[in-house]
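Dear colleague,

Please find below the structure that I am handing over to you. My findings follow it, and I would be grateful if you could read them alongside the coordinates.

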Amino acid sequence: MKKATITTLVGATLTLLASSAFAECNISAGSVRILGNDFDSIRTVTDQAKTCASAETTVRVNLTTEHKNIQVPALTITPAEYTVALIANNSISPLLSADLVRPLNDLVEKYGQDLLPNQLIRTGDDVVAIAFMGNAQHLFMRGDILDELGVEPPATYDEIIDVAEMIRSEGIMEYPLAATYEAGWYLAAEFVNMHLGMGGQFFEAGSAQPALNNEDGIRTLEMMKTLTEYMSPEYLTVTADEMKQMYLAGEVAIMNQWGSMVSGHLGEDSGNAQISEATILAPAPTVNGSSTPAAALWWDGFTIAKNISDADAEASFQAMMYGIRPEMAQQNPTAATWLIKEFDAPESAQGVLQTARLGARGYPMSPFMGYMHAALGTELSDFMQGRESAEQALTDVEASYLASVREAGLAD
Amino acid sequence: MTHKTFFAFIFPSLLAMILFIALPIGSIVIQSLHVEHPRILVEVENCGPFGCERETRVDTQATQALQDEQPLGQFNGLGTYFDRRHLATEEVSHIFNNNEGFQDIVRQMYNLPFYKALSFTLVYTFIVTPLGMALGFSIALAVNAIPRFLKGPIIFFSLLPMIVTPLVGSLILFWMINTQGVIGSNLQLLFEDPDLSLRASPLLTWITLIVYGVWSMAPFSFVVFYAGLQTVPSDTLESAKIDGASRWERIRFVVMPHLIPLATFVALVQLMDNFRVFEPIVGFSAEANATSLSWNIFNDLRGQVDQQYSSAAATSVLTVFGVVVLLMPVLIRLWRDFNRKA
């Protein structure tokens with residue numbers, strides 16, 4: 001009796017799931033295989049896409065922080081190991097350079113009624129990816145400390161330095177600032193933020209030649225160095241997760257943190273309700289009298305592999321469109337800064353959205369940028385520790401970058 | 001033993017060595033001599049959620065034709081070995097022609113990634129190997145002297161650093177030396193310096209890594225030396241005792257000479273192990289202050305979105321070369337011992 005009930009129940013649920021999924025995704029048949037980075041907002045999307053599985057359609061998902069390292073080999077073989085690669089503006093470049101991405105123009109026309117025009121990532125005439133969420137580093141500040149000092153929340157780096165000086169001289173904190181300056185990827189990302197805010201360029205127009213060693217580059221480094229005077233001396237080992245711990249331990253008053261980590265700081269499980277409540281979110285600060293926020297804008301999106309059958313490509317596109325449908329964003333408003341239609345952004349997404357609205361520039365989607373980022377990550381730490389001049393650091397970055405792009409066949 | 005029987009005995013291991021050691025090294029050498037084909041670049045307008053920018057991209061079809069013709073890439077000879085990220089011959093000769101004395105040469109050389117990595121790797125190897133062996137030997141002597149029933153638990157605890165995965169071990173220590181961690185905050189109290197941080201200055205980072213290295217390397221020496229101690233002839237020890245030799249004299253003149261061949265073996269293994277130091281650098285987020293050859297290889301392959309195979313291959317070959325040079329004295333010594341016995 002009991003067994004029969006369970007079987008009926010399971011059977012009924014399965015039928016329900018299958019039929020509802022089948023009805024909503026409208027996939028006739030195919031195999032969907034998704035590869036992507038592993039974090040909560042991505043999981044929200046892929047969990048939805050998974051429900052498209054039916055008798056004729058299989059959906060397999062592999063989310064891993066190692067996705068960047070396996071995506072090129074996995075998509076090179078025919079048929080590709082994965083039909084969908086979830087990427088961001090930096091990780092799409094290796095796929096584009098190896099010609100592994102399917103142009104989506106016809107699929108967008110057929111199934112993309114719910115897409116906003118700015119979700120389409122184009123290079124030339126081809127739609128190569130669909131973006132579904134945005135991200136950027138922006139300001140997290142302790143409102144209680146600013147109130148205590150009686151100052152307005154700072155909006156430029158110069159104001160931040162003034163406030164930091166006040167916090168120090170009032171004896172509230174010795175090191176009121178923090179940034180993700182861990183040598184390597186994080187430090188380079190912060191350089192990119194500041195350099196974009198300075199209005200700087202990374203490459204000479206239309207070529208792989210670096211264009212860092214100039215006034216903009218030096219000003220960028222000097223501002224970064226000035227800020228470190230107000231940071232805990234171990235700043236070159238601080239990652240985003242480390243910074244979150246420091247902030248929630250009450251050691252930091254103002255920091256430039258990732259928008260995707262807002263819920264970890266303000267949510268119920270932040271571990272320090274007092275600090276969470278006192279936190280003010282604001283767009284990334286501007287610098288050097290410019291009106292552009294000093295932050296690179298990032299998007300996360302998906303591409304469809306080239307080396308797969310048309311049927312699988314169609315099924316994959318449909319499954320992903322189901323994963324990023326407007327209702328998904330409405331049901332999970334705090335999960336990410338969705339770039340999806342009809343998304344009513346809550347307070348937690350405002351930091352990123354306002355940074356974008358103020359005209360921050362996107363992280364460069366260029367085949368050289370990955371090499372530049374790597375060179376910045378390894379060559380800037382000597383300067384940050386005061387062991388060499390800004391000019392020397394930038395010369396080193398350019399030399400190291402040129403050696404890499406030469407090896408990659410991107411420059412002579 | 002006939003040649004045929006000898007060959008039949010040795011063949012399986014010979015095959016395994018060719019398959020798993022010689023071939024991979026050969027492929028790395030070939031890889032290091034090639035770089036990727038020149039890519040054909042075109043300028044396009046890239047558009048995204050935050051507007052459009054004119055950017056360059058690779059003309060994949062034109063590049064593909066070259067790639068199909070020569071899948072290995074373009075032959076580059078020793079070019080990769082001599083570029084700035086490796087031996088940096090051009091930069092080095094420039095440094096020797098333009099400098100302000102010895103200190104300036106050292107400073108400028110340290111600015112080149114390969115020499116920066118090499119200097120830490122060598123310092124680490126030559127400090128950690130003897131200290132680790134000395135610590136292991138003293139633990140072995142101590143354990144050998146304690147009552148039997150205590151030996152089991154003490155041996156287990158002494159082996160812990162070796163059982164813990166290096167990455168996990170270094171991460172745990174990293175959290176402990178954090179300024180909020182138990183070691184970090186106690187050091188601040190001890191030296192009455194609220195800014196003291198083991199992670200901030202290069203010197204302290206090097207010391208931390210070396211201390212960690214000694215801690216994690218000692219158990220191996222301990223195990224081998226402890227086994228060796230069981231083979232020390234007890235009559236020689238007893239007669240030394242009757243002759244009035246102190247404990248130190250017995251160790252110095254009986255135990256140590258007996259263990260010398262063992263020490264050569266331990267030194268060999270430890271030199272190789274320490275030369276490929278890698279995990280603590282990742283675990284301690286120490287790349288700003290200390291890099292090693294292995295870390296450079298890792299950074300080429302896993303640092304960013306692009307993989308730089310030729311650069312990693314060249315560093316690997318240089319590392320293999322370094323290991324051979326490093327082991328030369330020990331190998332010569334072994335060879336001599338072997339000849340003497342024969």
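Two residues are taken to be in contact if their C-beta atoms, placed from the backbone, lie within 7 Å. This is a predicted model, in which local features need pLDDT of at least 70 and side-chain atom pairs count only at pLDDT 80 or more, whereas totals for chains, interfaces and linings use all residues. Residues are numbered from 1 along each chain as its sequence is written, and chains are lettered from A and ligands numbered from 1 in the order in which they are written.

I begin with the interface. The contact takes 58 residues from chain A and 45 residues from chain B. On the side of chain A that touches chain B, the elements giving two or more residues are helices H3 (67-76), H4 (92-97), H16 (369-379), H17 (381-384) and H18 (390-407), together with E4 and E5. Helices (H or I, at least four residues) and strands (E, at least two) are DSSP runs, numbered from the N terminus. By class, this side of chain A has 22 nonpolar, 26 polar and ten charged residues. Here Ala, Val, Leu, Ile, Met, Phe, Trp, Tyr, Cys and Pro count as nonpolar, Asp, Glu, Lys and Arg as charged, and the others, Gly among them, as polar.

Strand pairing also links the two chains. Two strands pair if DSSP finds at least two bridges between them. Strand E4(A) (residues 120-123) is joined by two bridges to strand E2(B) (residues 41-48), and these run antiparallel. Arg122(A) stands opposite Cys47(B) in that pairing. Within chain A, four bridges join E4(A) to the antiparallel strand E5(A) (residues 126-135), and Thr123(A) has Asp126(A) as its bridge partner. The hairpin of E4(A) and E5(A) has two residues between the strands, and Gly124(A) takes a positive phi near 65° there.

An open sheet of four strands in chain A has the order E7-E8-E6-E9, with mixed pairing. Strands E7 (177-178) and E9 (279-282) of chain A stand at the edges with a single partner strand each, so one side of each is left without a neighbour in the sheet. E6(A) (residues 137-142) and E9(A) pair in the antiparallel sense over four bridges, with Phe140(A) opposite Leu281(A).

Turning to the interior, a nonpolar core is a set of buried Ala, Val, Leu, Ile, Met, Phe, Trp, Tyr and Cys residues joined through C-beta atoms within 7 Å. A residue is buried if 20 or more other C-beta atoms lie within 10 Å of its own, exposed if 12 or fewer, and partly exposed in between, with C-beta atoms placed from the backbone. Of the 180 residues in the largest such core, Val84(A), Ala85(A), Leu177(A), Ala178(A) and Ala319(A) touch the most other members. Helix H10 (residues 202-229) of chain B gives the most to this core, with eleven residues. Not counting residues up to four places away in sequence, the contacts of Leu177(A) include Ala164(A), Leu227(A) and Val252(A).

Some backbone details remain. A cis peptide bond with omega of about -10° joins Thr78(A) and Pro79(A), and Pro79(A) lies in the loop between H3 and strand E3 (84-88) of chain A. Ser285(B) has a positive phi near 45° and is buried, with 23 other C-beta atoms within 10 Å.

With kind regards
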